[in-house]
Amino acid sequence: MKIATKLAFAASLGLAALILPGQGIAALQQGAKAPDFTLNAAQAGKEFRLSLRQTLRNGPVVLYFFPAAFTPGCTVEAHLFAEANSQFNQLGARVIGVTAGNIHRVAEFSRSECRDKFAIAADPGAKVAAQYDATMQGADGKPLSNRTSYVIAPNGTILLSYSDSKPQAHIEKTMAAVRAWNAKRN
């Protein structure tokens, strides 16, 4: 898709100032080691410290970065991950969302849009997103996380890396990667 087409699409979503990522491309690729992090997070509105390393002890992690809480595409994506969360859990995977927002906004988003199903972490300044090569520039010139999803095996290896401005395919692709990981183990 050409840049002009992406910008027209972004403008139609009210996101004209954002640079949209290329479809299906994320910088950290399959087989790379996932950078570890600890961030302030919330689930069901309750705040806590979230450690990727700790979460991986319980199985694979579906880590998805999104630009901003309570925006149309990010809300749709949160709803879709919330609907699929029990399937991910049945496969032993945990979903974690990350955005360059503050913890209070994230806590509210975790309750209302994530429907209390999974954790959302605040990544002020998009520092963790930058480690995952999942950033873009916002209208104010500050870095934001772009719509990028990863599936990370318990040993920290990236099983899937996927970027696309449309939220729908993220759930399908991450679910397929978790199922494939489970099939290899059984």
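Mentor: Let's go through it label by label, starting with the overall picture.

Trainee: What should I keep in mind about where the coordinates come from?

Mentor: This is a predicted model. The secondary structure comes to six helices and nine strands, and buried residues make up 50% of the 186 residues. The accessible surface is about 8700 Å², with 53% of that belonging to carbon and sulfur atoms.

Trainee: What share of the contacts with a separation of 6 or more comes from residues 24 or more positions apart?

Mentor: That share is 67%.

Trainee: What is the strand order in the open sheet?

Mentor: The seven strands of the open sheet run 2-1-5-4-3-8-9, with mixed pairing.

Trainee: Why are strand 2 and strand 9 called edge strands?

Mentor: Strand 2 (46-51) and strand 9 (158-163) each pair on one side only. From one strand to the next, the twist averages 25 degrees.

Trainee: How do you know that strand 1 and strand 2 pair?

Mentor: Pairing needs at least two bridges. Strand 1 (residues 38-43) and strand 2 have six, in the antiparallel sense, so they pass the cut-off. Within that pairing, Q43 stands opposite K46. The two strands form a hairpin with two residues between them, and A44 in the turn has a positive phi of about 55 degrees.

Trainee: And what makes strand 1 and strand 5 a pair?

Mentor: They have two bridges, again antiparallel, and at least two is what the cut-off asks for, so they count. A42 stands opposite I120 in strand 5 there.

Trainee: Which way do strand 3 and strand 4 run relative to each other, parallel or antiparallel?

Mentor: Strand 3 and strand 4 (residues 94-99) run parallel, joined by five bridges. Y64 stands opposite G97 in strand 4.

Trainee: Which helices lie across strand 3?

Mentor: Helix 3 (residues 72-90) lies across strand 3, strand 4 and strand 8, at about 175 degrees to strand 3. Helix 6 (residues 168-185) lies across strand 3, strand 8 and strand 9, at about 170 degrees to strand 9.

Trainee: On to rings. Why is the pair of F65 and Y132 called tilted?

Mentor: Take the distance first: ring centres within 6.5 Å count as a pair, and these are 5.3 Å apart. Then the angle: under 30 degrees would be stacked and over 60 edge-to-face. The planes of F65 and Y132 sit at 45 degrees, so the pair is tilted. A search of the whole structure finds eleven aromatic pairs.

Trainee: What makes you say this pair links distant parts of the chain?

Mentor: F65 is in strand 3 (residues 61-65), while Y132 is in the loop between helix 5 (127-131) and strand 6 (135-137), and they are 67 residues apart.

Trainee: How do you know whether those two are buried or exposed?

Mentor: Buried means under 20% relative accessible area. F65 has 0%, and Y132 has 0% too, so both count as buried.

Trainee: Which residues do ring pairs link into a cluster?

Mentor: The cluster takes in Y64, F66, F70, F81, F88, F109 and F118.

Trainee: Is R147 buried or exposed, and how do you know?

Mentor: R147 has 6% relative accessibility, and the cut-off is under 20%, so it counts as buried. R147 is in the loop between strand 7 (143-145) and strand 8 (148-152).

Trainee: What makes the approach of R147 to E77 a polar contact?

Mentor: The limit for N or O atoms is within 3.5 Å, and the side chains of R147 and E77 come in at 2.6 Å.

Trainee: Which side chain does S163 contact?

Mentor: S163, in strand 9, makes a polar contact with the side chain of T148 at 2.6 Å. At 1% relative accessibility, S163 counts as buried.

Methods: Residues are numbered from 1 along each chain as its sequence is written. This is a predicted model: local features need pLDDT of at least 70, side-chain atom pairs count only at pLDDT 80 or more; totals for chains, interfaces and linings use all residues. Side-chain values use heavy atoms; hydrogens and water are left out. Rings of Phe, Tyr and Trp (its six-membered ring) pair if their centres lie within 6.5 Å; planes under 30 degrees apart count as stacked, over 60 as edge-to-face and the rest as tilted. Helices (H or I, at least four residues) and strands (E, at least two) are DSSP runs, numbered from the N terminus. Buried means under 20% relative accessible area, exposed over 50%, partly exposed in between (1.4 Å probe, protein chains only). A polar contact is a pair of N or O atoms within 3.5 Å; within protein, one must be able to donate a hydrogen and the other to accept it, and residues adjacent in sequence count only if both atoms are side-chain atoms. Contact means heavy atoms within 4.5 Å. Accessible areas come from the Shrake-Rupley method with a 1.4 Å probe; for residues, only the protein chains shown count as cover. Axes are lines fitted to C-alpha atoms, for helices over the stretch in contact, and angles run from 0 to 180 degrees between N-to-C directions.
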